[in-house]
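Biologist: I would like to go through this model feature by feature. Please give the general idea each time, then the case at hand.

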2 protein chains.
Amino acid sequence: MKQSSEILNRADEIDLAAIRQSIENQLALEMATPSHAPERLRDAMSHALLAPSKRVRPLVLYLMTEPTGPLIEPALMVGMAIEMVHTSSLVLDDLPSMDDAKMRRQRPTTHVAFGEATAILGAISLLTRAFSIIARLDDVPPQLRTRLVSVLSEAVGWNGLSAGQELDIHGNGSPSEHHHIENLNWLKTGVLFEATAEMGAILGGRNEAQISASRRFAKHFGLAYQTLDDLLDNSGSSTELGKDVNKDEGKSNLVRHFGPRRAQLSCQSYLALADEALIESGVAPQPMRKLITQLFKKHALAQ
Amino acid sequence: MKQSSEILNRADEIDLAAIRQSIENQLALEMATPSHAPERLRDAMSHALLAPSKRVRPLVLYLMTEPTGPLIEPALMVGMAIEMVHTSSLVLDDLPSMDDAKMRRQRPTTHVAFGEATAILGAISLLTRAFSIIARLDDVPPQLRTRLVSVLSEAVGWNGLSAGQELDIHGNGSPSEHHHIENLNWLKTGVLFEATAEMGAILGGRNEAQISASRRFAKHFGLAYQTLDDLLDNSGSSTELGKDVNKDEGKSNLVRHFGPRRAQLSCQSYLALADEALIESGVAPQPMRKLITQLFKKHALAQ
């Protein structure tokens, strides 16, 4: 962990690549933990979890926590837990009965590589492991751990990711309604970003007003990020994205609905609202702004 | 909850039916909780969770906790959480890519009734809701809640139910090995029973030696219960079982391997070991013995 202990000395000099590397190391370490897990199941989990990724959620968690010495390892662990939950949702969304995707994170999707049964069991194992990791953070007071578990579990279930995916597949909201698209985007992406930022703020010991501002930051950040994803899906190649493109054909998104230019503007206005909330969240804003610039500049900010 | 507060006055007079009814009421109440969940998703969850069931795991949790006034509601809630996790695992095990079952708990399996995607999302929602319920038990000290979350999540993941199902589908252990069958039975059934009893003992405030004895009780109870299930699967009708029979054809189990008579004896010896551990667990043994007699007498104990 020493490597990351000097990262946050000066906000303007923050080394996002070094934090990202610490996250990668943590994930690799976790998957190498001795266990009696069947080899095939573990391989499927590693295939999904250790594939190339920007690790946006654990980075956001880390920056929202703004960890100092004793919190650096817990911040990496909670970020890892969120990345496991996110990966689990990707594995499930890609299944033949859902989006039937073939490529994800520059690899064959998990069910293509390991079969549906193992993909599903791997997703369940990643999901439940996340709760176990949080519950066992001995350096974090138990009342904070229970709150983290509560926030994360609510984000995944019938009011969160699962609801979003269900509505995406069987929803009957009119695709012409901007409000409907925004709600779906929020459930599919924003809700986990919101939980991520809330968990970072809780772990970082922020007060309730700041936690609430952190949620607001993440809601807008998440909507911007989903719009960026739609922009990439619309214009990008599968090489750049590392996953199937145009999978959403026939489904509604802001790009399809308003065209790329309006979607870009929409993305920028989400980011402006996110920045307002960021300032109220009690976190030094520069590191997060640096991350946002890195993520969005090529496709959504440059005009 | 009043209804159940007088249940445990005298062990020999314990009213298992009344506890079972309190569990049913709690489950129905939970599924009727207002939420923004998509109707179809909620219906799928209710279809699976509220179907006829003996509610063995929540009953075992309740009896192991031996709750008094303030613990009665938490014991029902934790039992409910375990039942949700168990139901979630049944929904997934029944999927076409796994056991491809058509009937479960006297109803069409969830994917038959709602399609695969909604079945999977319903299973995830039940699973994550379970962790949320435990994390929010305000009457239980946070350090106990984190321990409950940890025990439950470990029981589901790569060392638990998911590992068992993976080995059942893709395992290459020799079906002629008694040890292999026992290990598989333990992962598929015993591991969640073990977690159930451990959680009951933790919630009931037992000491570490008693918690360990509770785990031992449940391990043997779970092995006996899986053997009973195999006996029923071998000889029963789908009407009595409420699920597909002979789904395990070609797979190994003790009945197929040694014949029903040896399996019955094996079941009885598991139950004897369970009873020894029960006495060491610090719980009044009579209520649990009453439950065991009720569950096993017809097919495994009567000779």
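Biologist: Where is the place of Thr128(A)?

Modeller: Some ground rules come before that. This is a predicted model, in which local features need pLDDT of at least 70 and side-chain atom pairs count only at pLDDT 80 or more, while totals for chains, interfaces and linings use all residues. Residues are numbered from 1 along each chain as its sequence is written, chains are lettered from A and ligands numbered from 1 in the order in which they are written, and side-chain values use heavy atoms, with hydrogens and water left out. Helices (H or I, at least four residues) and strands (E, at least two) are DSSP runs numbered from the N terminus. By that rule, Thr128(A) is in helix 7 of chain A.

Biologist: Is Thr128(A) buried or exposed?

Modeller: Buried means under 20% relative accessible area, exposed over 50%, and partly exposed in between, with a 1.4 Å probe and protein chains only. Thr128(A) has a relative accessible area of 1%, so it is buried.

Biologist: With which residues is Thr128(A) in contact, leaving aside its neighbours within four places in sequence?

Modeller: Contact means heavy atoms within 4.5 Å. With those neighbours set aside, Thr128(A) is in contact with Leu127(B), Phe131(B), Ser153(B), Val156(B) and Gly157(B).

Biologist: How many residues does the contact take from chain A and from chain B, and what is the area buried between them?

Modeller: Chain A gives 48 residues and chain B gives 48 residues. Buried area is the accessible area (1.4 Å probe) that two parts lose on being put together, summed over both. Between chain A and chain B that area is about 4100 Å², with 72% from carbon and sulfur atoms. On the chain A side, Leu121(A), Trp158(A) and Glu166(A) lose the most area to chain B, together 19% of what that side buries.

Biologist: How many salt bridges are there between chain A and chain B, and how many residue pairs are in polar contact?

Modeller: A salt bridge is a side-chain nitrogen of Lys or Arg within 4 Å of a carboxyl oxygen of Asp or Glu. The count between the chains is four. Arg129(A) forms a salt bridge with Glu154(B), where the closest N and O atoms are 2.9 Å apart. A polar contact is a pair of N or O atoms within 3.5 Å; within protein, one must be able to donate a hydrogen and the other to accept it, and residues adjacent in sequence count only if both atoms are side-chain atoms. Across this interface the rule finds 22 residue pairs in polar contact, both at pLDDT 80 or more. On the side of chain A that touches chain B, the largest share, 13 residues, comes from helix 7 of chain A.

Biologist: Why is helix 9 of chain A described as largely enclosed by the rest of the structure?

Modeller: Seven of its ten residues are buried, so helix 9 of chain A is largely enclosed. Glu166(A) and Asp168(A) are among the buried ones. What covers the buried residues includes helix 5 (69–93), helix 8 and helix 10 (178–203) of chain A, together with helix 3 (39–49) and helix 7 (116–135) of chain B.

Biologist: Which residues have the most contacts inside the largest nonpolar core?

Modeller: A nonpolar core is a set of buried Ala, Val, Leu, Ile, Met, Phe, Trp, Tyr and Cys residues joined through side-chain atoms within 4.5 Å. The largest has 188 residues, and those with the most contacts inside it are Phe217(A), Phe221(A), Phe296(A), Phe217(B), Phe221(B) and Phe296(B). Beyond its neighbours within four places in sequence, Phe217(A) is in contact with residues including Val60(A), Met64(A), Leu278(A) and Ile292(A).

Biologist: What should I look for in the backbone?

Modeller: Most residues other than glycine have a negative phi. Gln106(A) is not a glycine, yet has a positive phi of about 60°. Gln106(A) lies in the loop between strand 1 (103–104) and strand 2 (107–108) of chain A, and is partly exposed, with a relative accessible area of 49%. Glu66(B) also has a positive phi, of about 50°. Glu66(B) is in the loop between helix 4 (56–65) and helix 5 (69–93) of chain B.

Biologist: How many helices and strands does chain A have?

Modeller: The secondary structure of chain A comes to 15 helices and two strands. Of its 303 residues, 59% count as buried.
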